[in-house]
Each structure stands twice: as C-alpha cells, then as structure tokens.
Amino acid sequence: MGHRFDADAAGHMPDQRIGREGIVMAGSTTAADGRRSAPESSGRGTSGRGRRASGPPFRKPRWPKAYAFALVTGALFLLSWLGQFVFQAVVESNEASQHGQSFAWVDFLPQFLASTFENWQSEFLQLIWQAAGLALFYYWGSSQSRESDERIEAKLDALLRERNLDPEKP
C-alpha cells in the first residue's frame, strides 16, 4: 500500500526484536545489571568533545539559542527605555535651567515613570484592541473577515461545472 516503513505481520520494524524488556533496537546491548545501552555509533557527526548522546534526533537547543528572540526583544526594550530616560532627563534639565532652577531627581523620576506607564498603557491598549477586536469581528462575521456562505458555494459550484460535474449530485 505504499507505506513509508515496512513492518512485519506483527507490526514490528525489521531492526527491532522483542525481549522480556519489550521492543529492543537491534545493535543495542544489555548489561549484566539489566540496563540497555544505545547502539554503537559509526563515528559520524561526532566532534572532538566526545560521543554524541543517543536519543531522539531533536535535541533541545542551548538556553541562549532557545530564547534568542526573547533576549533580542528584551535588549531592544532596555535600549529604548534607556534612550527615553536619557532624552527625557536632558529635556527636564534644559527646562529647569531655563527657569533658573537646578535639575532634581525627585522631580524627574515620577515624571519619567508616569510617561513610561502612559506609553505602555497606550501600546497595550492598542495591541489588545487589535487582537480582541479582530477576533470579535471575525466571530461576528464582518465583511472584512470572511466571505459569505453563498459566495463560497457559488465558487464551488462554478469549479464543479468547469470539471463537468453536477453540483446538485454529490
């Protein structure tokens, strides 16, 4: 029938055998204490660091590679926040000097935090509205989100007629 793997009548793969422990891969050995070892490798794909670990072909990537997107996003966030901090401090310092006052951290920090939370509120409100609003409109069936059932049926009927099939007889 064109199966990808050819198995015997019992459904076992040719490179497997059945023992008391269950299905055992051919080429693996059992130690005296009952533990099975992996099949011997051919030495391909190993580096100077030692033998390659046996197991599934997919290995979990190292931490920095697994979270690279989050790390880059966090770095961009911190850089932009630092930029906001520096430029807002410069503006506050200039305004203070124009009024003949000295720069005061006590006045600056609440203003900086307020502008930060105002920006975050604006961005998250926009993001939530876009995600939730689009999902809601899609659910309601707005004209921008999906086609009507009649229009889809008309297209399917036209395709069936093109192939000389009767759309009324399935």
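Which residue with a positive phi follows α4? Asn-164 does, with a phi near 60°.

This is a predicted model, in which local features need pLDDT of at least 70 and side-chain atom pairs count only at pLDDT 80 or more, while totals for chains, interfaces and linings use all residues. Residues are numbered from 1 along each chain as its sequence is written, and side-chain values use heavy atoms, with hydrogens and water left out.

**Overall layout**

The chain has 4 helices and 2 strands, in the order β-β-α-α-α-α from the N terminus. Helices (H or I, at least four residues) and strands (E, at least two) are DSSP runs, numbered from the N terminus. Of the 170 residues of the chain, 8% count as buried; buried means under 20% relative accessible area, exposed over 50%, and partly exposed in between, with a 1.4 Å probe and protein chains only. Among contacts with a separation of 6 or more, 16% are accounted for by residues 24 or more positions apart, where contact means heavy atoms within 4.5 Å.

**Helix lengths**

| Helix | Residues | First to last C-alpha | Expected span |
|---|---|---|---|
| α2 | 31 residues | 45 Å | 45 Å |
| α3 | 36 residues | 51 Å | 52 Å |

**The α2 and α3 pair**

Helix α2 covers residues 68-98 and helix α3 covers residues 105-140; their axes come within 10 Å and cross at roughly 135°. Axes are lines fitted to C-alpha atoms, for helices over the stretch in contact, and angles run from 0 to 180 degrees between N-to-C directions. The two helices are therefore oblique to each other: angles under 35 degrees count as roughly parallel, over 145 as roughly antiparallel, 65 to 115 as roughly perpendicular and the rest as oblique. The crossing of α2 and α3 is right-handed, meaning that the near helix is turned clockwise from the far one by less than a right angle.

On the α2 side, the residues that meet α3 are Phe-77, Trp-81, Gln-84, Phe-85, Gln-88, Ala-89 and Glu-92. Their partners in α3 include Trp-105, Phe-108, Leu-109, Phe-112 and Trp-120. By class, this contact has 9 nonpolar, 6 polar and 1 charged residues. Ala, Val, Leu, Ile, Met, Phe, Trp, Tyr, Cys and Pro count as nonpolar, Asp, Glu, Lys and Arg as charged, and the others, Gly among them, as polar.

In α2, the buried residues are Gly-83, Gln-88, Ala-89, Glu-92 and Ala-96, and what covers them includes α3. In α3, Phe-108, Phe-112, Ser-115, Thr-116 and Gly-133 are buried, and these residues pack against α2.

Asp-107 also lies in α3, but is exposed at 52% relative accessibility. Its C-alpha atom is separated by 9.0 Å from that of Glu-92, 15 residues away along the chain.

**Positive phi after the helices**

Just after α2, Gly-100 has a positive phi of about 75°. Gly-141 follows α3 with a positive phi near 85°. Most residues other than glycine have a negative phi. Asn-164 has a positive phi in a residue other than glycine. Asn-164 is placed in the segment after α4 (149-162) and is exposed, with a relative accessible area of 72%.

Note on methods:
Expected span 1.5 Å × (residues − 1).
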